[in-house]
Amino acid sequence: MHYHFIGIKGSGMASLATIVADRGDEVSGSDIEKYIFTQQPLEERHIPITSFSADNIHEGDTVIIGNAFNESNPEVKKALAMDTVKTYWYHEFLGSLAKEYTSISVAGTHGKTTTTGMLSHVMSLAAPTGYLIGDGTGEMPKDSRYFVLESCEYQRHFLAYKPEYAIITNIELDHVDYYKDMEDYCDAFEAFANQIQKGVVLFGDDAAVRSLHVKTEHLYYGLKDHNDVQAVHVKQHEDGMQFDVLYRKKLFAHFDLPFVGKPLLWNSLGVIAIGIMEGLSGELLQEGLQSFPGVKRRFTIEENGDNVYIDDYAHHPTAVKYMIEAARIKYPGKKVIALFKPDRYSRIYYFMDRFAEELNQADEVYLCHFPENAAREDGIDITISDLADKCEKATVINEDEEAARMLAQRGPAVYLFMSSKDIYKLKNIVKTFQ
């Protein structure tokens, strides 16, 4: 069967296209011509990528439409108009695919991508495991038993998924262009939790998660005493973390892991809780977590002499907060330089004071302009200078060689490049001057 993906370079779409190709089907896709890092696994599988054109749609095709597109796109318009073409929106097709496996969704405001990567790596030690990660990577080994999928709450898309298991990593209001308020946001997560088939694990230290009325079988995980799966005796240092896990107040296992920061501790606990639900041993979970290689654009570290470059997808003030905290644990005594590029006008507008507060925890702050294609909602008229005015340490820069040369001279330092957009390109230029 031939599948055509409209918007194939999107992070979820690229992941899904690689999975369909791994399953043995013929795959093609279309997108903008600009190079995006998500196309590398597509090229490795020799998946043809063309520019948008109605000529790409053929009778008998199955067409997967990226959620960012509508009938203003010529391919979408033609595909929806043809009776001989079967069409799915991205989340619809993914929900259908998940039914063929023991599927595990990873949902939550923060930590979805890393937790999905971590969980899929661990589960692969128990049985063949496929995965779809929001960093543009996906894989479906032959005879896969498990399928771990990152599940986004935007526009309630994750309600298309009814997996056997799920993790909810946390709940903090986001996507304010769609959700009316926190009550509306929590309502979506509650509906999602209650359609899980077998069991859901919930971050029990989060008051919003605790507020959900969950009827599905569930376990809470976290650091506080009222959790079913609890980390105790936690120690963190620049080389990693150690802790014991109690399962319903009894020692389950000891863990010694090579990464730092509270988010990775919480993510690990969520994975451990799923492992407990599936009857995995503490030894297997330790082996899987200890060998987890990380995922793209999530606290990805490069070192060059006295300089450190960390690339991360952080695009919410809470993510910025934990990025800076983790950098200080990992590299004590080093100067921390935060570089941030916004994605949505509504997100900056709504969280502007919190962005300023968290960015100011760095030693120096540099802000990049909104990208030309940033989502701009009606009635929101701001620029990056509005954020800079509230952030006392901030300087607005362009993403060019002049700025990169200046940044290089500010070292030695830990440079935190934070954005859901392509700020990693500026990182690559800074490296050439050091």
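Colleague: Which strand does aspartate 312 lie in?

Modeller: Aspartate 312 lies in strand E17, residues 307–312. Strands here are DSSP runs of E with at least two residues, helices are runs of H or I with at least four, and both are numbered from the N terminus. This is a predicted model, in which local features need pLDDT of at least 70, side-chain atom pairs count only at pLDDT 80 or more, and totals for chains, interfaces and linings use all residues. Residues are numbered from 1 along each chain as its sequence is written, and side-chain values use heavy atoms, with hydrogens and water left out.

Colleague: Why does aspartate 312 count as buried?

Modeller: Buried means under 20% relative accessible area, exposed over 50%, and partly exposed in between, with a 1.4 Å probe and protein chains only. Aspartate 312 has 10% relative accessibility, so it counts as buried. A polar atom of its side chain lies 2.9 Å from the backbone nitrogen of alanine 314.

Colleague: What makes H1 largely enclosed by the rest of the structure?

Modeller: 10 of its 12 residues are buried, so H1 is largely enclosed. Among them are Gly12, Met13, Leu16 and Ile19. Just after H1, glycine 24 takes a positive phi of about 100°.

Colleague: Which residues touch the most other members of the largest nonpolar core?

Modeller: A nonpolar core is a set of buried Ala, Val, Leu, Ile, Met, Phe, Trp, Tyr and Cys residues joined through side-chain atoms within 4.5 Å. The largest one has 47 residues, and Phe5, Leu16, Phe147, Ile168 and Ile171 touch the most other members. H1 gives the largest share of this core, 7 residues.

Colleague: Why is this core said to lie between domain 1 and domain 2?

Modeller: Domain 1 (2–94) and domain 2 (99–291) both give residues to the core, so it lies between them. The domain bounds come from an automatic or database domain assignment.

Colleague: What makes E8 and E15 edge strands?

Modeller: Two strands pair if DSSP finds at least two bridges between them. The open sheet has 10 strands in the order E8-E7-E9-E6-E10-E11-E12-E13-E14-E15, with mixed pairing. E8 (137–139) and E15 (250–257) each pair on one side only. Within the sheet, 7 bridges join E13 to E14, which run antiparallel.

Conventions: A polar contact is a pair of N or O atoms within 3.5 Å; within protein, one must be able to donate a hydrogen and the other to accept it, and residues adjacent in sequence count only if both atoms are side-chain atoms.
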